[in-house]
Amino acid sequence: MNQCFSNTLDLGKGRQMPVHYGSNALNFHTVSSPLATQLPQATGAAYAIKMRREDRCVMCYFGEGAASEGDAHPAFNFSATLECPVIFFCRNNGYAISTPTSEQYRGDGIASRAAGYGMDFIRVDGNDVFAVYAATAAARKLAVEQNRPVLVEAMTYRIGHHSTSDDSLKYRRSEEIDQHKVDTPISRLNAFLSSKGLWTQEQEKTLIDSARAEVLKEFTAAEARSKPSLTELFSDVYDVKPKHLEEQEQALLAHIKEYASEYPVGNYAK
């Protein structure tokens, strides 16, 4: 929530779009808005892991639409030829914003492309949480033990809009959406746990209510916190801040001070 509000507790210091999380402690690179830029970066990171002989791999998530971007080809090709321990996890949800898969490719999805690069691949039911876990575990074992890239394609469906600015009913019928609502990852897992006597509707309601209360509590707290200092605009670019950035920083602060009435910065940390 702090990241969404870009406040002083945001690890990204307000430099990212909302829901573009990242964590050094968890080895989680920040989400990137430009499509597919993370693919070649993942290959490079995996190659570094291989050179260091570390017992781990890189996991890279993307959608089937991103697989149509130019960055996908060199990422797949380099990972295969350099034998990098990387898992390319493609969530094929049927739409790249408004573009359906029927207009994205004529082949058999994304997994079929792996053979051309000499990569191993797995296609899995993306609505089955246990199948996805098993497929990911198998891919990791192969990537780590054999220094090989693996492409996983999880087949699912995007029920919601692409974003808050997207109206998906302009390019698909409501009947199509309703057809898929009966079999989602959450509803399927709910039904499975309920059939085993491990989950009840009372527990479901309690969980939803408590989660909503917790979210609203954190929402209020995050909204009230100050924004990062304006000086953070100039930090973290270089190990030692160069003179030209120091000059730009001082010029900005002087400008804001001179025209204070035009710049309401009272909610920014000093």
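Val19, Tyr21, Leu26, Phe28 and Val31 together make a nonpolar surface patch of about 480 Å². Patch members have over 30% relative accessible area and no salt bridge, with nonpolar side chains (Val, Leu, Ile, Met, Phe, Trp, Tyr) joined within 5 Å and like charges within 9 Å. A salt bridge here is a Lys or Arg side-chain nitrogen within 4 Å of an Asp or Glu carboxyl oxygen, and accessible areas come from the Shrake-Rupley method with a 1.4 Å probe, where for residues only the protein chains shown count as cover. Bear in mind that this is a predicted model: local features need pLDDT of at least 70, side-chain atom pairs count only at pLDDT 80 or more, and totals for chains, interfaces and linings use all residues. Residues are numbered from 1 along each chain as its sequence is written, and side-chain values use heavy atoms, with hydrogens and water left out.

**Overall picture**
- The protein chain has nine helices and six strands, which are DSSP runs numbered from the N terminus (helices H or I, at least four residues; strands E, at least two).
- Its C-alpha atoms fill a box of roughly 60 × 50 × 40 Å along the principal axes.
- Of the 270 residues in the protein chain, 29% are buried (buried is under 20% relative accessible area, exposed over 50%, partly exposed in between; 1.4 Å probe, protein chains only).

**Two loop residues**
- Tyr21, one of the patch residues, sits in the loop between helix 1 (2-5) and helix 2 (38-51) and is partly exposed at 38% relative accessible area.
- Asp71 is in the loop between strand 1 (58-63) and helix 3 (72-81), and it's partly exposed too, at 29%.

**Cysteines**
- The disulfide count is zero, going by cysteine sulfur pairs within 2.5 Å.
- Cys60 is buried at 4% relative accessibility, but its sulfur is 10 Å from the closest cysteine sulfur, in Cys90, so that's too far for a bond.
- Cys84 is buried as well, at 0%, and its sulfur is 12 Å from the closest one, in Cys57, again too far for a bond.

**Helix 5**
- Val132, Ala135, Ala139, Ala143 and Val144 are its buried residues.
- Those buried residues fall within an arc of 155° seen down the axis, so they line one face of helix 5 (the arc is that of the directions from the helix axis to the C-beta atoms).
- Tyr133 and Glu145 are exposed on the other side of helix 5.
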